[in-house]
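Please look at the sequence and the three-dimensional structure shown below before reading on. The report that follows goes through the chains, their domains, the sheets and a pair of helices.

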Amino acid sequence: MSAVERVDGVMALIPRCDINTDAIIPSSWLRTASADLGQGLFGGERYDALGQEVPGFILNQQPYRHAKVLLADENFGCGSSREAAVWALVQFGIGCVLAPSFADIFYENAFRNNLVAGIIDVETYQELKTLVETHSEGMAFRVDLHTLTVSVSDANNSLHNRSWSFQMPASRVQAMIRGDDEITTTLHHQEDISDFYKMASSEKPWLFPEDLVGLKR
Amino acid sequence: MSETHAKPAQTLFDKIWNAHLIRHLDDGRDLVFVDRHVLQETTCAQAFRKLRASGRTVLYPDLTIATQDHIVSTKPGRTEDSNPTGRELMQLMRSNAMSSGIRHYGVDHPSQGIVHVIAPELGLALPGSLLACGDSHTSTVGGLGCLGIGVGTSEVEHVLATQTLALSKPKSMRIVYHGTLQAGLTAKDLILHTIGQIGVAGGRGYAVEYAGPVIEALGVEARLTLCNMSIELGARLGFIAPDEQVLTYLQGREFSPKGNAFTQACAYWRQLRSDTGAVFDKEVQIDCSLISHQVSWGTTPEDVVSVDGIVPDPATVEEPARRERLTQAITYMDLQAGQKLAGLPINVAFIGSCTNSRLSDLKLAAELVRGRHVASDVRALVVPGSMSVKREAEALGLDVIFRDAGFEWRDAGCSMCVSINEDVVPPGARCIATTNRNFENRQGPKSRTHIASPAVVAVAALNGCIPDSAMIQPEAERSR
C-alpha cells in the first residue's frame, strides 16, 4: 500500500454523532462492483429524489467539494461493516476523519485503506467545530502523522500553525507511514499459521470434520 | 487441588479467544485462527480482485463457504437473472468461489439462505469456534456459543489469504437478564430494550456475553436473534454459553461432527462457560419484568419504546447534540414529540432478515395471523431466512396461513432489510419490520422504518397500524 505521512486541505464539518455507514454510502450505490463511490458519498442527503444536488448539504458547497478532512461527532461509522463507506470517503478525496470516537469495524477498515481515523478529545472537537463554523470560507489544515497533530495551515489566517493533538495507535501510524501491506506482514507468520491448523485439527478433530475438509470433497 | 494450583477464573470469551490465539503481534494485536469463513456477494468481489492482483490464492478453501443472499431476488422461483442489477455481483462471487474451490450456495441451491441463518442450519457455526464474515451481523452465531465476527472487505481478503485475523482483543462485558419475561415477549424485545438502555455505542470495544436465567430459558433460535443485534450495541462480538439445547440443535446437521467426533465435541462444548468469579470489564443488569413489546420510533436502534409508549420530547434532553439528533429523527419519521406509537398507520409490514426469519419467528407470526387478513392498503411480506426454513414452514402449512391472510410468501434472502435488491420501501412510506436497522434511507430513499418483533409486525400488518400490547394476542386468547 502507498505510504501516507500527512493530509492537507479544507476541513468539512458534519456535526452529528452516530453517523452510520448506510448514511456514508447508501446501499443503492453498492449494487455493482464498479460504482463511483465518491459520487455516492452521503448520497441520501447529498441528492434529492431526482438525483439533483441538495445545495444546503456541506459537500455540495465550495470549498468543501474538495474537502480533505472530515470532522464529526461521537461514534462515527457505526452500523454496517461495509468497507465501501471508507472507499467512498477516500474516493471523494477525504484523507482523514477526526472524531471523538469511531465504531469498531469502520475504524479497522479505515487503516486498511490509508484513511487516517484520528481520535480527538471532546474539547478539541468543540474547538475545531467552532473554528470551522466561524470560517465559512473554509479553513485549510494539515494532519501530520509524524507529530499526530492537526494544525491550521492557512498562512493568511491569524491562527496559522495553531495545532491540536489526535490519537492513533503508534503501530498503525508507523504502518501507514511505511505503507505496509497487512497480509504481507501476516504471511511472515505463515509457518505459525499452518502449525496452528495442524495442531487444532489433531486436538479438535470434531472442529474440522471430514464432511467439510476431508477426502469426501 | 490446592488453591495455589487453581487456574484463575476465566471468562468464556477468554477461553475461546485463547483457543484461537496463534501469537501476539508486535503491534499489540493478536493473530487469531478463523475456523469458518462465510462470504456474501456484496462484500467479497474486491477481496478476490485484490487477492488475484497480488498473486495470492485462498489458503484453506474448505474453511470458507459462500452464499448469495443480499442482492438476490426473493420472487418465488427466482434465478440469478431475476434481479438483473444484482447479476454482476452474484456471478462474480460464483466464479470466484468456483475458481478457488470454495463451496457456493447460490439461488439454485436447496440450502441457500441468509449467511447468518444457514451458518447455524448447516452446522458450520459450532460452539467454541471462531467464524468470520463480511457482514456486521455475524455475531448472530453467538447464539450457539460461537464467536462470530463481522469484518470489512480487506479483512475478508486477509482471511482468504491467511485464514487469520489480526485483531485488538476486545474488552469483556456481561449483560445479565433476570426477573420474569412477560408471556408473549420475545428475544427481539429483550435486545431492543437492551439497546435502548445502553445505547448504540454502549458495547463499542467489547465482546458481550449474554447471561442469566432469562437467557438460559430462551430457545436456540431466540438466542440467535438476541446475539444478532450485538452490533446495534456497537459490539462486534456477542454470544451465549452453549447448553444441552444447543448440543441437541447441532446433532445431525450437515457439517456438524458425527458419531464419536460429536461425542468428543460435546465433552468440549460442555466446558464452555465463564468460570465462577470470572471478572468482566463491564457488567450490566437487565430486569426483564419491566419489559413490554418494543418498537423503534426513530432513526437509530436505541430509539425504542414500548408499543404503549410515546415519542420522546427533545426539549427534555439536556445534551445539545442528542437533542438535535432526536429532533431530526422526529422530523424524518414524520412524528410529533409526545405522540403515541400505537395507532400510527403503516404502509408496509416486513417479516424477515437475519434477525427474525427462522421457523420459530414464522410460527409465532402465523399463530397471530391465522384466519385474519392484512389491512387494506398494507403491503405485507414474509421472506424466510433460508430455503430450508421455507420448506419447513410449508410442511407446517404456514405459507397457506400467510397467503390466505394476504401476505406475500417469498424465497430466501436479505430482502427489505438492506434493500439492495428490488425489495424497497417507497419514499415516504412507513414500514414496520422485524429487521435490525432503522437508519434514514435504510429500506430505500426516504423510507421510514420501525423495528419490532415478528409478533408486533404481524399484528401491525393486520390492523394497518402499530398495535398496542393488548392487541398482540393469538386468536384463541382474544376470543376468551
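## How the two chains meet

Two residues are said to be in contact if their C-beta atoms, placed from the backbone, lie within 7 Å. This is a predicted model, in which local features need pLDDT of at least 70 and side-chain atom pairs count only at pLDDT 80 or more, while totals for chains, interfaces and linings use all residues. Residues are numbered from 1 along each chain as its sequence is written, and chains are lettered from A and ligands numbered from 1 in the order in which they are written.

With that cut-off, 50 residues of chain A are in contact with 63 residues of chain B. Several helices of chain A each supply at least two residues to the side that touches chain B, namely α1 (21-24), α5 (104-111), α8 (182-187), α9 (190-203) and α10 (210-213); here helices (H or I, at least four residues) and strands (E, at least two) are DSSP runs, numbered from the N terminus. The largest share of this side, five residues, comes from α9(A). Sorted by class, the side of chain A that touches chain B has 21 nonpolar, 13 polar and 16 charged residues, where Ala, Val, Leu, Ile, Met, Phe, Trp, Tyr, Cys and Pro count as nonpolar, Asp, Glu, Lys and Arg as charged, and the others, Gly among them, as polar.

## Domains

Domain bounds come from an automatic or database domain assignment. For chain A this assignment gives domain 1 (6-169) and domain 2 (181-217), and the C-alpha centres of these two domains of chain A lie 39 Å apart.

Chain B is divided into domain 1 (12-169), domain 2 (171-241 + 274-290) and domain 3 (294-471). The centres of domain 2 and domain 3 of chain B, taken over C-alpha atoms, are separated by 22 Å, and their contact takes 18 residues from domain 2 of chain B and 14 residues from domain 3 of chain B. On the domain 2 side of this contact, α6(B) gives the most, with six residues.

## Two sheets of chain B

Two strands pair if DSSP finds at least two bridges between them. In chain B, an open sheet of three strands has the order β1-β2-β8, with antiparallel pairing, and its edge strands are β1 (21-24) and β8 (164-167) of chain B. Within this sheet, β1(B) pairs with β2 (residues 30-33) of chain B over three bridges, and B:Leu21 has B:Val32 of β2(B) as its bridge partner. From the other chain, α9(A) lies across β1, β2 and β8 of chain B and runs at about 145 degrees to β1(B); axes are lines fitted to C-alpha atoms, for helices over the stretch in contact, and angles run from 0 to 180 degrees between N-to-C directions.

Another open sheet of chain B has five strands in the order β17-β16-β15-β18-β19, with parallel pairing. Its edges are β17 (408-409) and β19 (448-451) of chain B, each with a single partner strand, so one side of each is left without a neighbour in the sheet. Strands β15 (residues 348-351) and β16 (residues 379-382) of chain B pair over four bridges, and B:Ile351 stands opposite B:Val382 in β16(B).

## A pair of packed helices

Helices α12 (residues 359-369) and α14 (residues 398-405) of chain B pack at an angle of about 45 degrees, with their axes 10 Å apart. α12(B) and α14(B) are therefore oblique to each other, given that angles under 35 degrees count as roughly parallel, over 145 as roughly antiparallel, 65 to 115 as roughly perpendicular and the rest as oblique. By class, the contact of α12(B) with α14(B) has seven nonpolar, no polar and one charged residues.
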